[in-house]
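Me: I am new to this structure and would like to learn how to read its strands, crossovers and cores. Could you take me through them one by one?

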Amino acid sequence: MKPQKPGSEPAPTADQATKDAMSNATTVSPAHSASTASTLITNIASLVTNDPSLGDGSPLGLVQDAAVVIEGDRVVWTGDHRKAPATDNRVDAGGRAALPGFVDSHSHLVFAGDRTQEFNARMSGRPYSAGGIRTTVAATRAASDEELEANVTRYLAEALRQGTTTLETKSGYGLTVEDEARALRIAAAHTDEVTYLGAHIVPPDHAEDPAGYVALVTGEMLDACAPHARWIDVFCEQGAFDGDQARAILTAGKARGLHPRIHANQLSYGPGVQLAVELDAASADHCTHLTDADVDALAGSRTVATLLPGAEFSTRAEWPDARRLLDAGVTVALSTDCNPGSSFTSSVPFCVALAVRDMGMTPDEAVWSATAGGAAALRRDDVGRLTPGARADLTLLDAPSHVHLAYRPGVPLVSGVWRRGRRMV
């Protein structure tokens with residue numbers, strides 16, 4: 001857990017003299033019209049700002065007995081509740097903890113069908129492999145646009161109720177030009193963070209011609225999908241795409257203005273992490289099987305290691321070693337990997353608890369990684385923090401501290417969610 005590295009977009013901070021004068025509060029001039037209503041959220045027992053220049057000076061920038069002022073869709077003030085400015089509206093947090101809305105930087109929500117039988121078999125001893133994706137591909141191709149959109153909105157609402165205010169999602173269950181493009185159109189209607197994952201697996205109809213499928217993914221399919229996406233991804237793994245294929249796919253995407261991210265080193269050692277660093281990918285996701293060279297490469301780059309503990313939980317696989325990455329200075333994000341096969345959870349709090357219990361993270365590190373870390377994995381500086389100028393995305397817990405996310409696993413602690421300044425939960 002650490003502030004963003006040089007080369008990332010740093011969170012804006014107020015002038016130091018102003019901070020000193022404000023006695024550990026910080027403010028910014030409102031960028032909205034005078035008619036925009038302001039709201040004070042006060043009586044916050046513990047506020048995670050993710051600005052180490054505030055509060056206790058830790059990476060979380062914890063402020064005790066705090067308040068936040070929202071105007072329009074932005075935070076305009078944070079600090080000691082006794083020094084809060086006058087506002088139009090007031091919300092009493094009742095001594096609860098507040099933190100930035102979770103930033104879930106890896107999910108697969110555009111799908112149809114159910115893989116209960118596969119999960120049941122796996123829990124009865126059958127190991128996980130990439131092949132199960134084909135089951136969802138068949139169901140997704142057969143589904144209507146309305147069915148796919150209903151699934152997306154359902155799981156986005158489910159995630160919001162659990163404190164997620166920014167969510168990335170991918171295509172990857174269509175694997176034809178038409179089905180990948182429609183998946184991205186549906187996703188783009190609901191989130192700005194959309195990823196083209198035509199290279200999820202080689203579909204059965206191209207099983208005898210993987211090179212031809214790579215040509216499709218980097219040609220006609222890319223042409224149809226690029227207008228609807230911000231990112232391009234590839235599953236670089238045995239049974240999916242090798243290093244050379246992944247490089248060709250990500251390089252083609254970059255040429256069309258899509259920035260790379262990559263499924264890397266999930267099931268085995270491989271070239272994915274090194275390729276992510278080589279191409280300045282925003283994130284290398286999974287990162288379970290790493291060499292020392294992989295860890296060193298991540299530590300010396302802007303590429304975020306996104307860990308997805310829901311996948312290990314749901315497949316009984318080896319846990320990623322978050323402690324090793326953090327001690328090496330790697331920026332780490334935590335996300336759900338919500339998908340119907342290997343991690344069917346939309347709960348970031350659940351993933352926080354898993355990361356603390358089984359991956360060697362402290363509660364502070366896990367919360368940072370699920371907020372600021374996720375923002376870094378999306379190369380965003382407007383979310384994942386609660387400081388002036390940031391988007392007003394805030395999660396209120398029915399607990400006095402963020403530590404309760406790991407301390408009380410499985411308990412629905414989220415009692416309020418604001419997104420873009422509006423209370424949604």
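The dialogue below goes through these features in turn.

Me: What kind of model is this, and how are residues numbered?
Reply: This is a predicted model, in which local features need pLDDT of at least 70 and side-chain atom pairs count only at pLDDT 80 or more, while totals for chains, interfaces and linings use all residues. Residues are numbered from 1 along each chain as its sequence is written, and side-chain values use heavy atoms, with hydrogens and water left out.

Me: Is strand β10 mostly covered or uncovered, and which residues lie on its faces?
Reply: Strands (E, at least two residues) and helices (H or I, at least four) are DSSP runs numbered from the N terminus, and buried means under 20% relative accessible area, exposed over 50%, and partly exposed in between, with a 1.4 Å probe and protein chains only. Strand β10, residues 231–236, is mostly covered, with six of its six residues buried. Trp231, Asp233 and Phe235 are buried on one side, and Ile232, Val234 and Cys236 are buried on the other.

Me: Which strands pair with β10?
Reply: Two strands pair if DSSP finds at least two bridges between them. Strand β9 (residues 194–199) pairs with β10 in the parallel sense over three bridges, and Ala199 stands opposite Val234. Two bridges join β10 to strand β11 (residues 259–260), again in parallel, and two join β10 to β12, also parallel, where Cys236 stands opposite Ala264.

Me: How does the chain cross from β12 to β13?
Reply: A crossover is right-handed if, with the strands pointing away from the viewer, the path from the first strand over the helix to the second runs clockwise. Strands β12 (residues 262–264) and β13 (residues 283–286) run parallel and are joined by three bridges; the chain passes between them through helix α9, residues 272–278, in a right-handed β-α-β crossover. Strand β13 also pairs in the parallel sense with β14 (residues 304–307) over three bridges, and the chain reaches β14 from β13 through helix α10, residues 292–299, in a right-handed crossover.

Me: How many residues does the largest nonpolar core have?
Reply: A nonpolar core is a set of buried Ala, Val, Leu, Ile, Met, Phe, Trp, Tyr and Cys residues joined through side-chain atoms within 4.5 Å. The largest one has 90 residues, and those with the most contacts inside it are Tyr196, Phe241, Ile262, Leu325 and Leu334. Apart from it lies another core of 16 residues, among them Ala66, Ala93, Leu394 and Trp418.
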